[in-house]
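Hi,

Here is the structure I promised to pass on. Have a look at it first, and my notes follow below.

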Amino acid sequence: MADILYDEDPEPSDRTPAGPLYVPVRPGQAACAARLFRTPLGDRTAVGFTSQRKLTATLGPDQPWIRLAEPALRTLTAPLGVTTVTVNPQFCAPAPTAPSAAEHPRPRSGPPFRERALEMWIG
């Protein structure tokens with residue numbers, strides 16, 4: 001049997017279905033909406049995970065999700081101008097925390113800065 005040789009390698013950007021994905025959603029009054037995220041360069045992207053464990057490890061146990069095939073997720077987000085689907089993202093920003101009192105000290109009482117500077121100039 002002869003080996004088949006191709007003139008060109010397939011493009012790395014070819015879209016190949018990733019199969020059923022666990023897609024993070026935001027619940028609404030009537031339905032759910034797929035959550036959109038941003039890439040490190042700031043572009044919007046849809047996100048899907050290949051397992052519930054990976055979704056939970058990245059977004060936490062309280063993140064609601066639905067199962068969608070990758071082509072369905074692309075079709076859902078295309079009218080919004082989102083053409084990228086990121087599967088199993090690994091890097092996420094840490095969850096925001098409330099600032100402590102030491103980070104943001106309370107302003108001291110007294111007249112505003114402009115009034116204090118004027119008092120020092122006159123005084």
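Which side chain has a polar atom 3.0 Å from the backbone oxygen of leucine 73? That side chain belongs to threonine 77. The pair is a polar contact (N or O atoms within 3.5 Å; within protein, one must be able to donate a hydrogen and the other to accept it, and residues adjacent in sequence count only if both atoms are side-chain atoms).

Before the rest, some housekeeping. This is a predicted model, where local features need pLDDT of at least 70 and side-chain atom pairs pLDDT 80 or more, while totals for chains, interfaces and linings use all residues. Residues are numbered from 1 along each chain as its sequence is written, and side-chain values use heavy atoms, with hydrogens and water left out.

Back to threonine 77, which is found in helix 2 (helices are DSSP runs of H or I with at least four residues, strands are E runs of at least two, both numbered from the N terminus). Threonine 77 has a relative accessible area of 2%, so it is buried (buried is under 20%, exposed over 50%, partly exposed in between, with a 1.4 Å probe and protein chains only). Setting aside neighbours within four places in sequence, threonine 77 is in contact with Leu36, Ala46 and Val82 (contact is heavy atoms within 4.5 Å).

Two of those names come back in the sheet: leucine 36 has alanine 46 in strand 4 as its bridge partner. Strand 3 and strand 4 (residues 44-48) are antiparallel and share three bridges (strands pair if DSSP finds at least two bridges between them). The open sheet holds three strands, ordered 3-4-6, with mixed pairing. Strand 3 (36-38) and strand 6 (85-87) are at the edges with a single partner strand each, so one side of each has no neighbour in the sheet.

Now for the charges. The whole structure was searched and one salt bridge turned up (a side-chain nitrogen of Lys or Arg within 4 Å of a carboxyl oxygen of Asp or Glu). It joins the side chains of arginine 74 and glutamate 70, at 2.9 Å from N to O. Why are these two about one helical turn apart? Because they sit four residues apart in helix 2 (residues 70-77). Both arginine 74 and glutamate 70 are buried; arginine 74 counts as such because its relative accessibility is 19%. The arginine 74 side chain also has a polar atom 3.0 Å from the backbone oxygen of threonine 83.

Cheers
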